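Dear colleague,

I am passing on the structure below, and after it I set out what was found. Please read the notes with the coordinates open beside them.

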Amino acid sequence: MKEQDQRWLRHAVQLSERAGIETSPNPRVGCVIIRDNQILGEGWTQPVGQAHAEVQALRDAQQRGHDVRGATAYVSLEPCSHFGRTPPCAFGLRDAGIARVVAAAGDANPLVSGKGFAILREAGIEVLAEPDPALAQQVREMNIGFFHRMETGLPWVRLKMAASLDGRTALPNGQSQWITGPDAREDGHRWRARADVILTGIGTVLADNPQLNVRGTDIPRQPPKWVIDSAFRTPLNSHVTQGAALTVIGASDNAQRLALQDAGVQTFLMPDPEGKVDLAAVVRALGKQQCNEVHVEAGAALSGALVDAGLVNEILLYMAPKFLGAGAGVLALPEMQHVSQARVWQITELAQIGPDIRLRCR
């Protein structure tokens, strides 16, 4: 790849970072149009239902008074090729007279994958696809939930936990505020903010009455909340019923479910053969609702059940430099007879957040 291509392709990827969380379920994409090493126009994905990055870049060029015919478009992701909420971006680039397209990554969406490049090539446009593996991986990481959902039909499930060095999340009396410091809590809110859904269990709702909203971070919308509550025990005056939309998932119909519905709470029945909530069915339902990322903040029982069922893709663990002694553990997992039975995770990031440590594991 030429040095100029590398420079502007990196610029397109940087532009994609400006796209907000409200682009979901669409991926975050950046585009810059170049001629003679000069920017003619640039853009990034707008909130869902609005213009994609390529359209934004073409509009920007028009507003600047530039003719883009014969120019090169650098995009972080393959231009879309299907009619959805907006027309195909590949058609827009073609019709504008773009002569060359350089894309950091291909689109994992089966409706697009390779088809966007094919439309461009059929129009006589030169296409350079995925010339830099590192940039392609960067685009994937930025849109990890989108790629995972396109490839599996399931959202990317991220489990957030906070614990002491000896793995305690609360004291025996239930006190858990605050194990980690304010920096770690602020960082946790930023991870909440990027999620399409925040998921918790009835145990956490009854014990802690959490708000489960995003605070301290300026965002255009609060993520909706889902509660796993087999008997529909969620109190109507609990904090989770306030603010963003609430969905409660139960395992059997009862009067409490009707009370929640009458209060405007969405409810679903997803029982498993044992009369509990079918967690795999919940994750599948979230995928069908086009959720890219699910952020889980729950107690040891639900967290352990999700991990045991293989439904967690990533763990976000904040560890405070404290020892709490007796108390609640991080995960409730089935008893093992041998160390070789342990589930092995890979640490992908280790960062210090204030006095605490944040581990990311996959």
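By class, the lining of the second largest pocket divides into 10 nonpolar, 5 polar and 5 charged residues, where Ala, Val, Leu, Ile, Met, Phe, Trp, Tyr, Cys and Pro count as nonpolar, Asp, Glu, Lys and Arg as charged, and the others, Gly among them, as polar. This is a predicted model, in which local features need pLDDT of at least 70 and side-chain atom pairs count only at pLDDT 80 or more, while totals for chains, interfaces and linings use all residues. Residues are numbered from 1 along each chain as its sequence is written, and side-chain values use heavy atoms, with hydrogens and water left out.

The space in the second largest pocket comes to about 480 Å³. Among the 20 residues that line it, Lys276, Leu279, Ala301, Leu302 and Ala305 are the closest to its centre. A pocket here is an open set of points on a 1 Å grid over the protein atoms alone, where a 1.4 Å probe fits, with protein on both sides within 12 Å along at least five of seven lines, and lining residues have an atom within 4 Å of a point; points are joined across faces, edges and corners, and the volume is the space filled by probe spheres set on them. Helix H8 (202-208) and helix H11 (300-308) each supply at least two lining residues, and the largest share, 4 residues, comes from H11. Helices (H or I, at least four residues) and strands (E, at least two) are DSSP runs, numbered from the N terminus.

H11 also lies across S6, strand S8 (197-201), strand S9 (225-228) and S12, running at about 115° to S8; axes are lines fitted to C-alpha atoms, for helices over the stretch in contact (heavy atoms within 4.5 Å), and angles run from 0 to 180 degrees between N-to-C directions.

Those strands belong to an open sheet of 9 strands with mixed pairing, in the order S11-S10-S9-S8-S12-S6-S13-S16-S15, two strands being paired if DSSP finds at least two bridges between them. Its edge strands, each pairing on one side only, are S11 (266-269) and S15 (347-353). Within the sheet, S6 (residues 156-164) and S12 (residues 293-296) run parallel and are joined by 4 bridges, and Leu159 has Val296 as its bridge partner in S12.

Gly167 lies in the loop between S6 and strand S7 (168-170). Leaving aside neighbours within four places in sequence, Gly167 is in contact with Ala328, Gly329 and Val330.

Best regards
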